[in-house]
Amino acid sequence: MNILIQSWEQAQKAAYPIRALVFIQEQGVPEHLELDEFDPIACHALAFDNKQCVGTGRLIKNGTQGQIGRMAVMSEFRGQGIGSAILTQLINTGRANGIEQFHLHAQVSARSFYQHHGFIAEGLLYQEAGILHQNMTL
């Protein structure tokens with residue numbers, strides 16, 4: 001497994017099809033919500049199995065704070081540690097760039113994954129794009 005950090009300009013051809021598959025097709029997120037104004041300013045992690053991109057995530061830096069999001073792994077590659085590798089690379093990249101605290105909006109079904117990586121759930125549950133979420137911080 002190879003994890004690359006790229007700009008949106010470099011990453012979008014590989015990252016967007018995975019996000020579309022996972023978020024739009026599998027989870028029913030409206031297509032107009034999937035791309036946003038943060039993609040061009042975020043750094044994007046891409047996980048490659050040989051030459052095939054199988055997972056992605058992004059990190060938005062705001063001073064010493066970082067927002068992790070758009071974590072997605074193709075269904076046939078889940079359970080192999082790819083999501084963990086992506087998350088670890090985003091955290092390491094953020095720390096190397098001065099980020100001291102990381103935030104994310106976790107789907108409730110993924111809270112235990114993020115807790116395993118040290119994130120702490122905060123606040124009430126809420127709906128985002130029709131999916132139940134909770135804020136988490138590391």
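Colleague: Which residue of S2 is the bridge partner of Ile3?

Modeller: In S2, Ile3 has Ala47 as its bridge partner. The model is predicted: local features need pLDDT of at least 70, side-chain atom pairs count only at pLDDT 80 or more, and totals for chains, interfaces and linings use all residues. Residues are numbered from 1 along each chain as its sequence is written, and side-chain values use heavy atoms, with hydrogens and water left out.

Colleague: What makes S1 and S2 paired strands?

Modeller: Two strands pair if DSSP finds at least two bridges between them. Strand S1 (residues 2–6) and S2 are joined by five bridges, so they count as paired. The two run antiparallel.

Colleague: Why are some stretches called strands and others helices?

Modeller: Both are DSSP runs numbered from the N terminus: a helix is H or I over at least four residues, a strand is E over at least two. Counted that way, the protein has four helices and seven strands. Their order along the sequence is β-α-α-β-β-β-α-β-α-β-β.

Colleague: Why is S2 described as largely enclosed?

Modeller: A residue is buried if its relative accessible area is under 20%, exposed if over 50%, and partly exposed in between (1.4 Å probe, protein chains only). Strand S2 (residues 43–49) has six of its seven residues buried, so the rest of the structure largely encloses it. For the protein as a whole, 41% of the 138 residues count as buried.

Colleague: How do you know that S2 and S3 pair, and in which sense?

Modeller: Seven bridges link S2 to strand S3 (residues 52–62), and the sense is antiparallel. Leu46 stands opposite Thr56 in S3. The two strands form a hairpin with two residues between them.

Colleague: How does the chain go on from S3 to S4?

Modeller: S3 and S4 are also antiparallel, over seven bridges, and Arg58 has Gly69 as its bridge partner in S4. Their hairpin has two residues between the strands, and Gly63 in it takes a positive phi near 70°. Arg70, found in strand S4, has a positive phi near 55° and is not a glycine.

Colleague: In which sense do S4 and S5 pair, parallel or antiparallel?

Modeller: S4 and S5 pair in the parallel sense, over four bridges. Gly66 stands opposite Phe102 in S5.

Colleague: Why is Met71 called buried?

Modeller: Met71 has a relative accessible area of 17%, and is therefore buried. Met71 sits in strand S4 (residues 65–73).

Colleague: What does Met71 touch?

Modeller: A contact means heavy atoms within 4.5 Å. Leaving out residues up to four places away in sequence, Met71 touches Phe23, Thr56, Gly57, Gly83, Ile86, Leu87, Leu90, Phe113 and Tyr114. Phe23 is 48 residues from Met71 along the chain, with 9.6 Å between their C-alpha atoms.

Colleague: How do you know that the radius of gyration agrees with that of a compact globule?

Modeller: The radius is taken over C-alpha atoms, and the globule rule is 2.2 Å times the number of residues to the power 0.38. For 138 residues a compact globule would come near 14 Å, and the protein has 14 Å, so the two agree. The C-alpha trace spans about 40 × 35 × 30 Å along its principal axes.

Colleague: What share of contacts joins residues at least 24 apart?

Modeller: Among contacts between residues at least 6 apart in sequence, the share is 57%.
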